[in-house]
Amino acid sequence: MQLELLNEQGQAASKVEAPETVFGREFNEDLVHQLVTAYRANARQGTRAQKDREQVRHTTAKPFKQKGTGRARAGMSSSPLWRGGGRIFPNLPEENFSQKINKKMYRAGMTAILSQLAREGRLAVVESLTLDTPKTKVLADKFKAMNLSSSVMVIAEEIDENLYLASRNLKNVFVVEPRYADPVSLVHYKKVLVTKGAIDKLKEMFA
């Protein structure tokens, strides 16, 4: 299939050949949802902790006598049935939230996202993205001229120091190499700008 190649003014200059296996795949909503959910779960850390009935600080004295009160028997106020008592199955810091996604599912999900972006007109291709100076304003003006100033993810075959320094202060700009492109960012950003060289690397990774 062919994608439009934009110039620095954001106009379609020509066409670039793109692999059908990467940018022409049918969209699978269930697979993409599973991929995004797994990616976010794998980034999650077990930073929460709760106490069980052994760890809470309560007296071990019996709250009230065994018989004659009309209430249910109680041995300790640290019981999970009591307010302020320990939890039966507490959350632990070493809790594991990771979900497994095999390589075939990952490739299929990523190509489904890229294909849908191309169909929706949210994917743009440029010859290259290079800067002579590491100036944020220069890069911001380039995106503005290409009508990409709102929210853009850039996938470049190689990120030099000028591009890295110029992009890091732009709030809604995310610049990565193809191997670091993730499904959450692809779905999140309104526009995805891919360099011509990055298309070849994406083909090697997912085709």
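**Helix α7 and its surroundings**

In α3, Tyr106, Arg107, Met110, Thr111 and Leu114 contact (heavy atoms within 4.5 Å) Leu202, Met205 and Phe206 of α7. By class, this contact has 6 nonpolar, 1 polar and 1 charged residues. Here Ala, Val, Leu, Ile, Met, Phe, Trp, Tyr, Cys and Pro count as nonpolar, Asp, Glu, Lys and Arg as charged, and the others, Gly among them, as polar. The model is predicted: local features need pLDDT of at least 70, side-chain atom pairs count only at pLDDT 80 or more, and totals for chains, interfaces and linings use all residues. Residues are numbered from 1 along each chain as its sequence is written, and side-chain values use heavy atoms, without hydrogens and water.

Helix α3 spans residues 103–120 and α7 residues 196–206; they pack at about 145°, with axes 10 Å apart. Axes are lines fitted to C-alpha atoms, for helices over the stretch in contact; angles run from 0 to 180 degrees between N-to-C directions. Helices (H or I, at least four residues) and strands (E, at least two) are DSSP runs, numbered from the N terminus.

Which residues of α7 are buried? They are Ala198, Ile199, Leu202 and Phe206, buried meaning under 20% relative accessible area, exposed over 50%, partly exposed in between (1.4 Å probe, protein chains only). These residues lie on the same side of α7 because they cover an arc of only 105° around the axis, taken from the directions from the helix axis to the C-beta atoms. Their cover includes α1 (20–23), α3, β3 (123–126), β4 (152–155) and β6 (191–195).

Thr37 is in helix α2 (residues 29–42). Thr37 counts as partly exposed because its relative accessibility is 32%.
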